[in-house]
Amino acid sequence: MRWEGQTLESEDPQALPGLSRIAGFIRSTRTPEFSGITFHEVACRSALNRVPAQSAMPFDWTVNPTRGCLHQCTYCFARRTHEYLDFDSGRDFDTQIIVKTNVVQVLRKELARPSWRREHVALGTNSDPYMRAEGRYRLMPGIITALADSGTPFSILTKGPLLKRDLPLLAAAARSVQVSIGVSLAFLDADLQQRVEPGTPTPKARLDLIRAVADAGLDVGVMAMPVLPWLTDGDDHLDELFGRLAAAGATAVTAGALHLRPGAREWFLQWLARDYPQLTGRYRQLYGGGSYAAKEYRQWLAGRVARFRTRHGFAGPARSFRSTAPDIGPGPAGPQDSPAPTLF
Ligand code: SF4
């Protein structure tokens with residue numbers, strides 16, 4: 001997903017240095033509740049973003065009310081999109097947040113066009129719509145209502161328990177359009193989670209969110225990604241994770257290996273070198289300078305995932321909210337407790 005077609009069609013000579021490429025720039029603001037964070041408020045020209053045809057995304061349209069993400073996941077593959085805004089894909093992505101303050105009004109206009117075909121719209125593809133900033137800007141209720149009123153099906157992928165606030169609205173929307181809720185949760189170890197995704201809510205908070213969505217009568221899929229080679233790919237972890245997800249009421253789960261797109265790769269490998277220096281050589285060998293783990297590893301992992309999905313009752317097809325990993329299918333189940341391929 002890229003920023004083009006949303007607000008980069010022209011330069012605003014009034015904008016601050018570094019933001020000159022954002023048309024409709026309004027102001028930059030800081031607030032004590034968000035220490036170290038700068039919000040850059042913009043009036044966007046378009047809200048619906050067409051996904052490029054060559055993208056592997058399983059949807060054609062997105063809405064991203066924000067850019068950058070307070071959840072600060074070291075592996076986030078949206079990081080590089082911040083470079084289009086003359087920010088860096090590391091710390092700036094985590095702390096310089098673009099907010100489209102008029103996104104609801106613009107979206108309503110676009111949805112009212114006779115040419116709009118009510119295709120599926122995905123939220124949470126480039127920035128988490130329920131990060132803490134949503135508590136300040138409160139854009140999602142208007143977006144949900146606009147989509148539902150126009151008869152447009154939509155999905156939301158989030159790590160943010162703030163979504164609970166909008167459950168009554170989402171349940172009402174689901175009576176008129178298809179609504180898919182996805183929660184992203186890949187780690188049960190709160191210490192590891194805090195180091196890999198320092199801005200995210202705890203695993204417990206996200207399990208509680210899954211339970212709340214299920215209790216509201218909505219299906220809730222889980223994106224249990226990324227699985228980190230040699231850190232979270234063990235049978236014990238996958239078994240416990242899938243069991244906890246099932247117990248919390250998840251209806252589907254998707255899992256796959258870490259994907260290291262440029263922008264995310266540099267940032268993640270810096271983190272790995274700091275926290276697990278003994279693994280850096282193995283990761284470099286596994287990824288070979290590319291974005292994907294070696295096929296042999298992905299097939300091995302897919303076999304473990306298939307086994308634990310079946311064990312915990314996730315028998316249907318895996319749901320995909322925004323995976324960009326190549327689909328290598330469920331893979332062979334493999335012998336019980338087989339370790340990762342020794343090649344790596
Ligand atoms: S929550 Fe999603 S968008 Fe935000 S940093 Fe993490 S992976 Fe990126």
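My entries follow in the order in which I looked things up.

I note at the start that this is a predicted model, in which local features need pLDDT of at least 70 and side-chain atom pairs count only at pLDDT 80 or more, while totals for chains, interfaces and linings use all residues. Residues are numbered from 1 along each chain as its sequence is written.

Strand S6. I looked up burial in strand S6 (residues 96–100) and found that five of its five residues are buried, so S6 is largely enclosed by the rest of the structure. (Buried means that 20 or more other C-beta atoms, placed from the backbone, lie within 10 Å of the residue's own; strands are DSSP runs of E with at least two residues, and helices are runs of H or I with at least four, numbered from the N terminus.) Gln-96, Ile-98 and Lys-100 are buried on one side, and Ile-97 and Val-99 on the other.

Partners of S6. I then checked pairing, which requires that DSSP finds at least two bridges between two strands. Strand S2 (residues 38–42) pairs with S6 in the parallel sense over five bridges, and His-40 has Ile-98 as its bridge partner. Strand S5 (residues 66–67) pairs with S6 in the antiparallel sense over two bridges, with Thr-66 opposite Val-99.

Methods: A residue is buried if 20 or more other C-beta atoms lie within 10 Å of its own, exposed if 12 or fewer, and partly exposed in between; C-beta atoms are placed from the backbone.
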